[in-house]
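Dear colleague,

Please find the structure below for your records.

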Amino acid sequence: MKLFLKNTQKYHLRNPLASNVIKYSKSIVSTSIFFASTLFLYSCGNESYTSEVSETQTPVYGEAESSENIIEAETINYGGELIFLQASSPASLDPHRQNDGASAQVNRSIYEGLTAFDENGNLIPLLAESFEPIDSYTWQFNLRRDVLFHDGTPFNASAVQMSLERLLDPENAFPAAFILDSISEVLVIDGYTVNIVTHFPFAPLPSHLASMVGLIIAPSAIEEELSGGVSIIENPIGTGPFAFNYRIYGDSINLITFEDYWRGRPYIDSLTFLVIPEPSTRLLMVETGEAHAATAQASDVPNIIASPTLEMIQTQGSNITFIGFNTQIAPFNDVRVRQAISMVIDRESMVLAIIEGQGIPAVGPLSPLVAGATTDLETLGNDFEEALSLLEEAGFPEGFSANIYVSNLEHGRIAELAQANLAPLGINLNITQLEFGAFLEYLNNGAQEMFVLGWTAMTGDADYGLFPIFHSSMHGAPGNRTFFSNTAVDELLERARVSSDQVYRNYLYAQAQQILVNEAPMVFLYHPITTVAMNGVDGVISNPNIVPQFYRAILR
């Protein structure tokens, strides 16, 4: 295979963020430091790797509760309603049916999973007290006792089995079930022990269980739905700190404190998610005290800092924003065309202009927070003359016209900057903005030429960060909307997901990332920081999945 890598350069992250969660106030700035360790030594020349972890070691994962954001008992003022502003209404309160961000923001307060990520990005047991691999195909989870669902029924091994089997039942055809489709069976060993058996050795299973589809639904709610009664969408019951109270569609969702929550009663009495689509209105409502918290835009950060009433939490997430090509459609089925475009897109300018410096330029497809990511990649570089040469070799010396599709204002601005970057090459971009649902349908059907989108490696592992969006079996709706196919990438991703040696997995993922940079099915743009503006509230937690959590929140 011929690779067009003339005048390449070694690219290292410059000034990477030292923390992934930053709470800013006028008097205190506290940071918690975390970057996912890759821990690999590799040589691409001889395909060798060195592991510092013995294969005979059997890790046991126990309680790893963070001490961040703990409120001293004497400062607690119990009670009150916390109002969080959302940009859009959650698609579903059934965590198996949808995997969108707005739904996650609500569902994470209602439901919990066996595992979770803390605010520092560490994988911790949650409804599981501990977990460990007992052979190459089997993970054992020891469950917490004395945990109750919101209807008073007990959480136990049977509840885990019922919830996961519902998710994986092919008759249900849940769209995000593929996240846990490595599971072969769920075995109840006793009332509080579950063995999860996989079809193949699958090292990142505990991380995947921390995703939204791994949240555990009460058996009573599942049985109610199966009997033809109220659906889980209307009757969400979990073990989380807040219980469902009511929903006004398109407007708000109200949750009330679960008095018997196993980690202790939340400090607030209720939590309301209010839909306010306009970003400036959201920020104004928080600043005036009409609401307590909202996700803010990057352009809002200077105003938040200048405000006498606002504070913020900033989270460097496990997500990436990119420009994608449909690699099955000419001229983007030619790697030289994709490489030429990648060479002239100014990522650093986009970070400054689009997200006001609130993020870091991307080197490859994975955020540095993702286990298996590497920034030690040979990039295509920024070379206008080389880009012209590649286009001429590909048969486009005068350039061409193409359509690029977007679904929101930020992505529209990215398309406009790309339009300006590409014009000197003779490439004319026509920008079309679609409503998000129509946009995804268009992409899933393969009708696009170019598009702007993002992806979050919500399991914190490279398998979810790469497999759904680059493996040839995932074309269309599952995630691979560039319709990219590469047998070498397929093999590397398949080998990595069945290995239990993390150092070897990192080595395989490093090779896959380098091929993806060379093949350029996407222009990897940046890893944005997400900002939550706050007023009058402490103890809000955010993690690399960028979902605020409120079980420790306290109103001032």
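Is D146 buried or exposed? At 68% relative accessibility, D146 counts as exposed, where exposed means over 50% relative accessible area, buried under 20%, and partly exposed in between (1.4 Å probe, protein chains only).

Before the remaining findings, please note that this is a predicted model, in which local features need pLDDT of at least 70 and side-chain atom pairs count only at pLDDT 80 or more, while totals for chains, interfaces and linings use all residues. Residues are numbered from 1 along each chain as its sequence is written, and side-chain values use heavy atoms, with hydrogens and water left out.

Most residues other than glycine have a negative phi, and most peptide bonds are trans. D146 is not a glycine, yet has a positive phi of about 60°. D146 sits in the loop between strand 10 (138-143) and helix 2 (157-168); helices (H or I, at least four residues) and strands (E, at least two) are DSSP runs, numbered from the N terminus.

A173, also not a glycine, has a positive phi of about 50°. A173 belongs to the loop between helix 2 and strand 11 (183-190) and is exposed, its relative accessible area being 58%.

The peptide bond from A330 to P331 is cis, with omega near 5°. P331 lies in the loop between strand 18 (319-325) and helix 7 (335-344). With a relative accessible area of 9%, P331 is buried. Neighbours within four places in sequence aside, P331 is in contact (heavy atoms within 4.5 Å) with V337, F396 and F400.

Yours sincerely
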